[in-house]
Amino acid sequence: MLKLLHVEDDEDIREVANMALELSGEFEVLQCASGEEAIERAVGFGPDVLLLDVMMPGMSGPSTLKELRTMEGMADTPAIFMTARAQPAEVEELKSLSAIAVVVKPFDPISLGDQIMDALKQAGKA
Amino acid sequence: MNSKKFIMKSILLALAVFLLSPVVAAAFGYSLSRTLVPYITLAAGVFMALVFWYIFDGHSGEATGQSGRNQLLQEVSALNHHAMVSLTDRDARLFHVNDKLLEVSGFTAEDLLGQSTSVLYAEEDKHQFAGIRAGLDRGIPWTGETRMRCKSGKTIWTQATILPRLDSEGHLIGTVSIRTDVTTAKINAQQNDLFTTLHKLWDEVYMLDPETLAFSYMNEAALARVGWEAGEVKTKTLWDDCKDLDEAKFRARIEPLLTGEVDQITYADDIDGVPYNNRIQLITTYSGEKQLVAVLRDASEQAEVERVKAELLATISHELRTPMTSIKGAMGLLLSNAAGELPEKARSMLSIAYRNSDRLVMIINDILDIEKIAAGQMVFEMNTMPLSLVIDESIAANEQFANRFDVTVEKQGVDEAAHASYDFGRTLQVLTNLLSNAAKFSPVGSKVIVRVEQVGQSYRISVQDFGAGIPEEAQGRIFERFTQVKQDKSHRGVQGTGLGLNISKVIMEQQSGGIGMVSQEGVGSTFFVEFPVAEVNDSLQDQPAEIAS
């Protein structure tokens with residue numbers, strides 16, 4: 001099972017994503033409500049993959065990733081952003097921040113696990 | 001004059017009496033002495049001389065006198081110098097035109113004499129001819145402004161007075177026309193009106209010579225930006241305003257105007273860090289000169305409005321998508337029995353809600369796309385790659401949707417070597433739109449077939465369904481906005497926005513491609529898109545890693 005750190009400020013989305021990821025049976029999930037919380041708990045969890053919401057109050061997804069990258073063992077951890085702002089330019093910008101993929105909201109909960117696994121395979125990380 | 005006339009009549013009367021006296025004497029039986037004959041002969045000579053003088057000189061002298069005649073001649077001469085005079089016969093044919101008319105019009109007397117006077121009317125004023133003629137027929141003179149056609153084709157404005165020439169019974173036997181060239185005054189008046197308006201426009205207006213690029217006019221807004229006085233304008237050229245003017249580029253830009261290929265050029269430019277929307281036209285002034293008229297509009301406010309609008313739309317999009325993620329996600333999980341088996345009625349109701357949440361997301365996406373198209377912000381990243389890449393991806397992305405309608409998507413004859421230059425994400429959007437439409441309108445258990453074929457210099461990707469087809473009357477507007485084909489009851493729950501095909505059309509046009517359809521009611525529809533064939537050895541670019549939801 002892959003350890004997945006999910007950072008999302010919206011409680012409802014967290015719950016839907018949690019159930020969706022559980023459904024896939026591929027992941028052990030740790031969910032955090034903010035970038036700050038993720039930074040605090042990431043090292044102890046040791047994630048294999050990061051799933052980060054982009055727009056969050058306080059630390060944004062990109063800022064959180066930047067901070068996580070400086071932490072032990074997470075320089076190369078594959079990261080995937082989730083965003084509702086899916087303009088091509090915005091997607092390109094996110095991909096340039098060392099992310100292997102961008103999942104556009106609203107996502108399909110049934111195929112979310114498969115999407116993440118596909119992205120990991122494409123990036124040679126799974 | 002009157003005393004002369006009296007003396008003349010008295011002498012004539014006396015001579016007449018003297019000459020008649022022998023005749024009267026003979027009548028009463030008296031004979032005249034022979035000595036009187038020479039006197040009578042002399043008196044008869046003087047009488048005849050005076051009668052001739054009276055008839056041929058003295059009589060006209062009675063009417064005008066020598067000085068009057070000179071005055072009249074001078075007046076006619078002055079009139080001929082000042083005005084254009086023409087005479088017509090009863091059929092409105094010219095039989096006299098003066099030198100002034102020939103000089104101004106450029107015609108020769110041979111060109112005009114015998115012709116209908118309508119040859120002198122400008123095309124725009126020929127409708128006046130019948131009305132003027134009708135008045136003259138009733139003996140009513142006409143006065144007014146009319147445009148006169150010159151031999152060169154040029155038109156001049158004239159102030160004309162046309163008098164009827166009537167016979168003793170009051171019948172029209174011709175006309176006398178007197179015209180004065182008032183073109184300059186007319187032009188000045190029109191120019192004054194125009195320039196008063198131009199001068200106060202908020203946009204900057206410049207007029208310049210297309211050859212020398214020397215300015216001839218600037219309005220207040222233009223003067224305010226360049227910081228010149230109105231009196232300086234005619235001493236300046238475009239180089240004085242644009243120090244780093246790329247003359248070759250500017251001349252290339254205005255070339256289509258000068259050749260008449262286009263009637264205006266519009267382009268966006270940046271002047272001293274301020275965005276401008278510019279429009280240039282070539283006009284011919286009233287005096288016949290060619291001039292470039294450039295209208296510059298400060299677009300900074302418009303750019304700011306566009307930026308705020310785009311930001312607002314992006315924010316709204318985000319704010320709508322976030323709750324939709326939870327709604328759609330939660331329903332999707334329930335429908336997949338993630339929270340346990342649902343009663344059939346609950347599943348049915350939840351399916352309706354799920355389909356409509358899908359629709360809401362589609363509406364949000366379509367509205368954003370339409371806004372992007374309107375603002376010219378739809379960006380295309382064109383790469384040359386196999387068409388099979390985007391076809392496979394679109395079929396995979398639509399598999400689940402097609403399954404919902406128990407429709408199978410089948411690929412036929414897709415040549416892996418068929419390459420085209422296209423934006424992967426946008427083309428995927430178009431094919432997804434065509435495939436989802438095909439699935440929606442297909443009978444349960446049927447197939448949707450995707451093909452690729454070469455048609456001339458293009459590759460055509462077609463999506464064929466075996467549904468009800470599109471009524472002929474709806475086919476012509478199928479790619480217009482908000483067009484929706486009536487669906488049968490079984491498809492009511494998957495209604496679209498009516499924007500998808502219009503967006504697809506714009507996307508295809510922006511990629512130098514095209515979109516079309518053929519449909520027959522009761523047989524089915526085939527929608528297709530076409531891309532220009534690309535060389536196979538063109539560089540193959542990586543496909544974007546975005547994952548569509």
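Predicted model: local features only at pLDDT ≥ 70, side-chain atom pairs only at ≥ 80, totals over all residues.
Leaving aside its neighbours within four places in sequence, which residues is Gln291(B) in contact with?

## Gln291 and its surroundings

Gln291(B) sits in strand β10 of chain B. Beyond its sequence neighbours within four places, Gln291(B) is in contact with Met207(B), Leu208(B), Asp209(B), Pro210(B), Ser216(B), Gln281(B), Leu282(B), Ile283(B) and Thr285(B).

Is Gln291(B) buried or exposed? Its relative accessibility is 5%, so Gln291(B) counts as buried, the limit for that label being under 20%.

## Helix α10 of chain B

Let us turn to helix α10(B), which covers residues 247-258. At 1.5 Å a residue, its 12 residues should span 16 Å, and the end C-alpha atoms are 15 Å apart, which agrees.

Which residues of this helix are buried? They include Phe250(B), Ile254(B) and Leu257(B). These three cover an arc of only 15 degrees around the axis, so they lie on the same side of α10(B). The face turned away from that buried side carries the exposed residues Ala248(B), Lys249(B) and Ala252(B).

What do the buried residues of α10(B) pack against? Their partners in chain B are α9 (238-241), β8 (265-271), β9 (274-284) and β10 (290-298). Just after the helix, Gly260(B) takes a positive phi of about 85 degrees.

## Where chains A and B meet

How many residues of chain B are in contact with chain A? There are 29 of them, and they touch 28 residues of chain A. Together the two chains bury about 2500 Å² between them, with 62% of it on carbon and sulfur atoms.

Between chain B and chain A, the count of salt bridges is 0, while 2 residue pairs are in polar contact, both at pLDDT 80 or more. On the chain B side, α11 (300-335) and α12 (344-374) each supply at least two of the residues that touch chain A. The largest share of that side, 15 residues, comes from α11(B).

## Salt bridges

Over all chains, a search of the whole structure finds 20 salt bridges. One of them joins Arg41(A) to Glu37(A), with the closest N and O atoms 2.7 Å apart. The two are 4 residues apart in helix α2 (residues 35-45) of chain A, which means that about one helical turn separates them. Arg41(A) counts as partly exposed at 36% relative accessibility, and Glu37(A) is partly exposed at 24%. Also in chain A, Glu8(A), Asp53(A) and Lys105(A) are linked in a network of salt bridges.

In chain B, Asp203(B) forms a salt bridge with Arg297(B), the closest N and O atoms being 2.8 Å apart. This pair links distant parts of the chain, 94 residues apart: Asp203(B) is in the loop between α7 (183-199) and β6 (204-208), and Arg297(B) is in strand β10. Asp203(B) counts as buried at 15% relative accessibility, whereas Arg297(B) is partly exposed at 45%.

Another salt bridge pairs Glu232(B) with Lys236(B), where the closest N and O atoms are 3.9 Å apart. Here Glu232(B) is partly exposed, with a relative accessible area of 29%, and Lys236(B) is buried, with 19%.

Notes: Residues numbered from 1 in each chain as written. Chains lettered and ligands numbered in written order. Heavy atoms only, no water. Expected span 1.5 Å × (residues − 1). Buried < 20%, exposed > 50% of the residue type's maximum accessible area, 1.4 Å probe, protein only. Arc of directions from axis to C-beta. Contact = heavy atoms within 4.5 Å. Buried area = accessible area lost by both parts, 1.4 Å probe. Salt bridge = Lys/Arg side-chain N within 4 Å of Asp/Glu carboxyl O. Polar contact = N/O pair within 3.5 Å; in protein donor to acceptor, adjacent residues only side chain to side chain.
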